[in-house]
Each structure stands twice: as C-alpha cells, then as structure tokens.
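Subject: The structure I promised you

Hi,

Here is the structure we talked about.

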Amino acid sequence: MMKRHLKVFLCHSSVDKIAVRHLYFRLRSAAIYIAPWLDREDLLPGQRWEDEISLAVRNSDIVLVCLSKNSIRKTGYVQKEIKDALDVADRQPEGSIFLIPVKLEECQIPYRLSHLHYVNLFETEGFNKLMRSLVSRANDLGIELGGHAYTVEERREFIIRVIAEELVVNESDITPQVTLENLGGDGFDAIDIETRLEDFGIELTDEDAEGLSIVNDIRETRPGIGA
C-alpha cells in the first residue's frame with residue numbers, strides 16, 4: 001500500500017461556493033489521506049487559474065461534480081471542468097470510480113452525467129455514502145487509508161482543520177494567540193469541536209494546547225446553565 005493522498009477535485013459553480021467550501025473542509029477533516037482541491041483554497045496568487053484548474057482535474061484521482069438547481073442552469077467555466085473531467089474519465093480502467101455527481105440539493109442531473117450514479121449530499125447518509133466511494137477508489141489505487149499513528153504535525157494539522165470547519169474560518173486564522181471568542185465561537189461550538197474530534201479518536205490534551213490558545217478555550221469553555 002502507498003502512503004500518499006487521494007487527490008479529490010471539487011468541480012462547482014460559483015453560485016455554490018459556500019456549500020462547496022463547507023464540503024472541502026469536511027473532506028479534509030474526515031480522513032488524513034484525503035487531499036481535496038478547491039480553486040478558492042488552493043490557487044496561489046499570480047498563477048494562471050485556467051491552466052492550474054485544468055492541471056488539477058487531470059492529476060486528480062477522483063472528481064466530485066457539485067450540482068444544484070442554480071448551477072445546472074448556469075453556463076460558464078464549470079461546463080469546461082465537466083468536459084475535462086469526462087475526458088479524463090474516458091481514460092480510466094473500466095469500472096473505476098472517478099467522476100461522482102454530488103447533489104447539494106434536489107435537482108436534475110445534466111445529461112452528460114446521467115449515466116453515473118449520484119449521491120444526495122443533503123440527505124442524512126449522503127456524506128457517508130460519498131466517503132464509501134472515496135475509500136473504494138483509494139483501495140483500487142493502493143492508497144493506504146490509515147493504520148499508522150498521527151505524527152505530531154499531522155495531529156496538529158488535523159485539529160486545526162476541524163476547528164476551522166466548525167467555526168467556518170480559514171485555517172490560517174487559527175494562530176497561536178487567537179481565542180475561541182476572537183473567532184466568534186462559544187461553548188456550544190467547543191462541544192461540537194470536541195465531539196467531532198472524538199469521532200476520529202482524538203481527545204484534546206495539554207500537549208495539543210501548547211502553542212494554541214484556542215485549544216485551551218475549547219477544553220475549558222462550556223455553555224452556562226440556562227444558556
């Protein structure tokens with residue numbers, strides 16, 4: 001098994017950027033081996049964005065085409081992304097999971113994608129179904145899903161990912177001195193963050209709090225009685 005990331009490209013329309021950004025962070029925090037790619041998060045200033053997006057599609061292990069009522073009616077660059085993804089999909093071995101239509105809400109599937117089974121992300125089990133497809137693809141590619149302990153750096157990165165997603169902020173906002181209050185969080189957010197981390201087998205420790213004030217806030221902050 002190889003120790004590398006599963007490269008996941010998020011194809012989407014600008015009208016769905018908030019929902020897709022949430023999916024991006026959810027994927028990043030779901031498993032250490034998943035490396036989602038989203039233009040807003042991964043393009044660097046000065047890069048030729050059209051070239052970089054086309055390259056990201058070609059280099060991806062799997063492409064998620066995020067769909068909504070508005071996006072399927074909108075023309076624009078997302079249609080080129082879908083075409084590029086279909087071209088790459090045609091070169092995949094028969095039976096490979098490469099292109100997944102992801103419905104952000106109830107909507108029609110574009111004709112060019114109608115031959116593919118879709119996932120309703122808005123349903124309770126939608127994300128879990130999506131994860132099963134990603135696991136299947138990773139297994140087909142021989143990518144190691146886990147089985148090794150987090151390094152200190154991986155653990156810290158993972159904790160920051162979860163905090164950023166739950167508070168809907170950028171990871172770069174989580175500096176050593178920033179507090180939960182600075183980022184608009186409260187005791188209920190602290191509980192959500194701890195619960196999410198525990199789902200992945202991580203319990204916050206004194207070591208995690210070293211150099212990250214917000215971790216101490218999360219461990220100590222609780223909703224008041226009657227809040």
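Let's start with a term you will need: a residue is buried when its relative accessible area is under 20%, exposed when it is over 50%, and partly exposed in between, using a 1.4 Å probe and protein chains only.

Before we go on, a word on the model. It is a predicted one, where local features need pLDDT of at least 70 and side-chain atom pairs count only at pLDDT 80 or more, while totals for chains, interfaces and linings use all residues. Residues are numbered from 1 along each chain as its sequence is written, and side-chain values use heavy atoms, with hydrogens and water left out.

Back to Ser-71. You will find Ser-71 in helix α4, residues 69–73 (helices are DSSP runs of H or I with at least four residues, strands are runs of E with at least two, and both are numbered from the N terminus). What does the side chain of Ser-71 reach? The backbone nitrogen of Ser-68, at 2.8 Å. That is a polar contact, meaning a pair of N or O atoms within 3.5 Å; within protein, one must be able to donate a hydrogen and the other to accept it, and residues adjacent in sequence count only if both atoms are side-chain atoms. Not counting residues up to four places away in sequence, Ser-71 also touches Ser-13, Val-15, Asp-16, Cys-66 and Gln-79, where contact means heavy atoms within 4.5 Å.

Another serine, Ser-60, sits in the loop between α3 (49–59) and β3. Is Ser-60 buried or exposed? Its relative accessible area is 9%, so Ser-60 is buried. A polar atom of the Ser-60 side chain lies 2.5 Å from the backbone oxygen of Ala-56. Leaving aside neighbours within four places in sequence, Ser-60 is in contact with Lys-7, Phe-9 and Phe-98.

His-12 belongs to the loop between β1 and α1, and its 10% relative accessibility makes it buried. The His-12 side chain reaches the backbone oxygen of Leu-10 at 3.4 Å. If you want a sense of scale, the C-alpha atoms of His-12 and Asp-173 are separated by 25 Å, and these residues are 161 apart along the chain.

Ala-19, in helix α1, is partly exposed at 40% relative accessibility. Val-168, in the loop between α7 and α8 (187–199), is exposed, because its relative accessibility is 59%. Val-168 has a phi near 55°, a positive value in a residue other than glycine. Most residues other than glycine have a negative phi.

Next, the inside. A nonpolar core is a set of buried Ala, Val, Leu, Ile, Met, Phe, Trp, Tyr and Cys residues joined through side-chain atoms within 4.5 Å. The largest one has 27 residues, and Leu-10, Leu-23, Leu-27, Leu-64 and Met-131 have the most contacts inside it. At least two residues of this core come from each of β1 (6–11), α1, β3 (62–67), β4 and α6, with α1 giving the largest share, six residues. Leu-64 touches residues including Val-8, Leu-23, Ile-100 and Leu-130, not counting those up to four places away in sequence. Another core lies apart from it, with 23 residues, among them Leu-167 and Leu-197.

Finally, the pockets. On a 1 Å grid over the protein atoms alone, a pocket is an open set of points where a 1.4 Å probe fits, with protein on both sides within 12 Å along at least five of seven lines; lining residues have an atom within 4 Å of a point. The volume is the space filled by probe spheres set on the points. How much space lies in the largest pocket? About 430 Å³. It is lined by 22 residues, and the closest to its centre are Ile-97, Leu-99, Ile-100, Leu-116 and His-117. Helix α6 gives the most to this lining, three residues. The second largest pocket holds about 270 Å³ of space. Of the 15 residues that line it, Arg-4, His-5, Ile-32, Tyr-33 and Glu-154 are the closest to its centre.

Enjoy exploring!
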